[in-house]
Amino acid sequence: MNLVTQHHAQDRPPYPPVICLLGPTASGKTAAALGLAQHVPLEIISLDSALVYREMDIGTAKPSRAERALVTHHLIDILDPAQTYSAAAFKADAQRLIGEIYARKARPLLVGGTMLYYKVLTAGLALLPEANPQVRATLDREAARDGWPALHARLATCDPALAARLAPNDAQRIQRALEVWLLTGQPMSQLLAVKEHVNAPYDYLPIALEPSDRSVLHKRIETRFDAMLEAGFVAEVTRLRARGDLHPDLPAMRCVGYRQIWAYLEDKINQATMREQGIVATRQLCKRQLTWLRAIDKRLVLDCCAPDLSAQVITNVMRIWGAYPFTD
């Protein structure tokens, strides 16, 4: 694989390809990105749907203030947990930031595991019908009566490909997929293949951190979740819940770990069950992220279990970017 993407001078400026450091949860993305930042001027654009929210630090494994002081980070702490952030908004923000970073003679580095954001940025938005309040209200009533897992099972009959990528309690995405099916009679997974015309001014080069041994990643997930609990994860969710304006169906509160701790605080499950369900949900997220990753063409795969992962990332990225020196 030729790692240096070729540019066409007549329709693209000679910018370096935008490196996208992608990987499942606990794959070592943050450490690798910070290591790379010690070798070249760069700014990190977060490609993570959970990091956009303020007041959600522990459970999202948000880079610490000290880490963010080492290199400029973007799209972190930009919204209140009561707000929502769409893939379309991410695309607009990311494209704007990439241009601004290049203008500062720095390199943009996208880092994260929200694969939908990567897909929308690089392949465009799907041509889907607009939201229909009546259909959504009907689905909400059915979910209140039967539960979202029942609607997930219903989705599996009309769009099994998409249902396989969604968690049974992913209310927002299950509702949208069923809404599209009811409005068009076509599986959303098929419609997602029909994209708007994309004329991106940049090339994107994905570097995927994938495990050679998934059990290693599972152990990291368990260890990290326990560390989050020790660091005050329950207290963090307690403060959010005490605000009074948040509820478990908000996108922010559906993040893995937050939903399980919310149920624990409502005495629906005990502490041991909360821990077990939080770890299982994180492992399921990891599995879905890897499914998305492996569908990305022309990605450079690095073993996230390798002890020298950061060094491998630095070597490969510096080789790619080295072919594109900035000139005044």
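Ile207 is in contact (heavy atoms within 4.5 Å) with Ile19, Cys20, Leu21, Leu22, Leu300, Leu302 and Val317, leaving out residues up to four places away in sequence. The model is predicted, so local features need pLDDT of at least 70 and side-chain atom pairs count only at pLDDT 80 or more, whereas totals for chains, interfaces and linings use all residues. Residues are numbered from 1 along each chain as its sequence is written, and side-chain values use heavy atoms, with hydrogens and water left out.

Ile207 is among the residues with the most contacts inside the largest nonpolar core, together with Phe90, Leu109 and Leu110. This core has 78 residues; a nonpolar core is a set of buried Ala, Val, Leu, Ile, Met, Phe, Trp, Tyr and Cys residues joined through side-chain atoms within 4.5 Å. Helix H3 (residues 87-103) gives the most to this core, with seven residues. Helices (H or I, at least four residues) and strands (E, at least two) are DSSP runs, numbered from the N terminus. A second, separate core of 18 residues includes Ile174, Ala177, Leu178 and Leu192.

Strand E5 spans residues 204-210, and seven of its seven residues are buried, so the strand is largely enclosed by the rest of the structure. Buried means under 20% relative accessible area, exposed over 50%, and partly exposed in between (1.4 Å probe, protein chains only). In a regular strand the side chains alternate between the two faces of the sheet. In E5 both faces are covered: Tyr204, Pro206, Ala208 and Glu210 are buried on one side, and Leu205, Ile207 and Leu209 are buried on the other.

Two strands pair if DSSP finds at least two bridges between them. E5 runs parallel to E1, to which five bridges join it, and Val18 stands opposite Tyr204 of E5. E5 also runs parallel to strand E6 (residues 300-303), with four bridges between them.

The loop between strand E1 (18-22) and helix H1 (29-37) contains Ala26 and Gly28. The UniProt annotation "binding site", from an unreviewed entry, covers Gly23, Pro24, Thr25, Ala26, Ser27, Gly28, Lys29 and Thr30. A further annotation with the name "binding site", also from an unreviewed entry, covers Thr25, Ala26, Ser27, Gly28, Lys29 and Thr30. UniProt positions are given in the numbering used here, feature names are shortened, and annotations may be inferred rather than shown by experiment.

Ala26 counts as buried because its relative accessibility is 12%. Beyond four places in sequence, Ala26 touches Leu217, Arg220, Ile221 and Arg224. Gly28 is partly exposed, with a relative accessible area of 28%. With neighbours within four places in sequence left aside, the contacts of Gly28 are Leu209, Arg220 and Leu309.

Lys29 lies in helix H1 and is buried, with a relative accessible area of 12%. Residues up to four places away in sequence not being counted, Lys29 touches Leu21, Leu22, Gly23, Pro24, Val111, Gly112, Gly113 and Leu209. A polar atom of the Lys29 side chain lies 3.2 Å from the backbone oxygen of Gly23.

A search of the whole structure finds 20 salt bridges, a salt bridge being a side-chain nitrogen of Lys or Arg within 4 Å of a carboxyl oxygen of Asp or Glu. Glu179 and Arg176 form one of them, with the closest N and O atoms 2.7 Å apart. Being three residues apart in helix H8 (residues 171-184), Glu179 and Arg176 are separated by about one helical turn. Glu179 is buried at 0% relative accessibility, and Arg176 is buried with a relative accessible area of 17%.

Arg145 forms a salt bridge with Asp146, the closest N and O atoms being 2.9 Å apart. Arg145 is exposed at 62% relative accessibility, whereas Asp146 is partly exposed at 42%. In the salt bridge between Lys268 and Glu266, the closest N and O atoms are 3.1 Å apart. Lys268 is exposed, with a relative accessible area of 62%, and Glu266 is partly exposed at 30% relative accessibility. Salt bridges that share partners join Glu55, Asp80, Arg243 and Asp245 into one network.

How values were computed
Polar contact = N/O pair within 3.5 Å; in protein donor to acceptor, adjacent residues only side chain to side chain.
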